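Grab the model and work through these exercises with your viewer open. Each one has a task, followed by a solution in steps.

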Amino acid sequence: MTVRLAVAGAFHTSFMEPAVSRLETALNLTEIRTPRIPVISNVDASPHADPDTIKKILARQVTSPVQWETTIKTLLTKGLKKGYELGPGKVIAGIVKRMDKSSDIENIGA
């Protein structure tokens, strides 16, 4: 399914390339510790635990398409039992329910 989104900028596209080096500089000055739970990146929908890799993936996220559906599928196959949607509406919870009817996604309204 494809949904056209109204967005305020060309996020996750090559038009954001000038921002990458500034983000890399900021990330190099930032301590990221090894997470207790691997980070599932929406760049490649894979789990990452190495801080240097996480920094590289965060920089790539600026210009890379969001792999949202693949990321959710990864979470579900890795055993996601409970998820929370933060903010108004229940759009994400509804989409995840369509992907996996047994998923338990609770909305926490803003």
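Two strands pair if DSSP finds at least two bridges between them. Helices (H or I, at least four residues) and strands (E, at least two) are DSSP runs, numbered from the N terminus. This is a predicted model, where local features need pLDDT of at least 70 and side-chain atom pairs count only at pLDDT 80 or more, while totals for chains, interfaces and linings use all residues. Residues are numbered from 1 along each chain as its sequence is written, and side-chain values use heavy atoms, with hydrogens and water left out.

**Exercise 1.** Find the bridge partner of Gly83 in strand 4.

Step 1: Start from strand 3 (residues 83-86), which pairs with strand 4 (residues 105-108) in the parallel sense over four bridges.
Step 2: Go across from Gly83 and you land on Ile105.
Step 3: Now check the faces of strand 3: Gly83 and Glu85 sit on the covered one, Tyr84 and Leu86 on the uncovered one. Side chains in a regular strand alternate between the two faces of the sheet.

**Exercise 2.** Work out how helix 1 runs relative to helix 2.

Step 1: Take the axes (lines fitted to C-alpha atoms over the stretch in contact, with angles from 0 to 180 degrees between N-to-C directions). For helix 1 (residues 17-28) and helix 2 (residues 51-61), they come within 9 Å and cross at roughly 155°.
Step 2: That makes the two helices roughly antiparallel, the label for angles over 145 degrees.
Step 3: List the contact (heavy atoms within 4.5 Å). Helix 1 brings Val20, Leu23, Glu24, Leu27 and Asn28, and helix 2 brings Lys55, Leu58 and Ala59.

**Exercise 3.** Name the buried residues of helix 2 and what they pack against.

Step 1: Apply the cut-off: buried means under 20% relative accessible area (1.4 Å probe, protein chains only), exposed over 50%, partly exposed in between.
Step 2: Pro51, Ile54, Lys55, Ile57 and Ala59 make the list.
Step 3: Their packing partners are helix 1, strand 1 (39-40) and strand 2 (47-48).

**Exercise 4.** Is Lys82 buried or partly exposed, and which residues does Lys82 touch?

Step 1: Locate Lys82 in the loop between helix 3 and strand 3.
Step 2: Read off a relative accessible area of 31%, so Lys82 is partly exposed.
Step 3: Leave out residues up to four places away in sequence, and Lys82 touches Asp104 and Glu106.
Step 4: Val20 is 62 residues from Lys82 along the chain, and their C-alpha atoms are separated by 33 Å.

Definitions and conventions:
Parallel < 35°, antiparallel > 145°, perpendicular 65-115°, else oblique.
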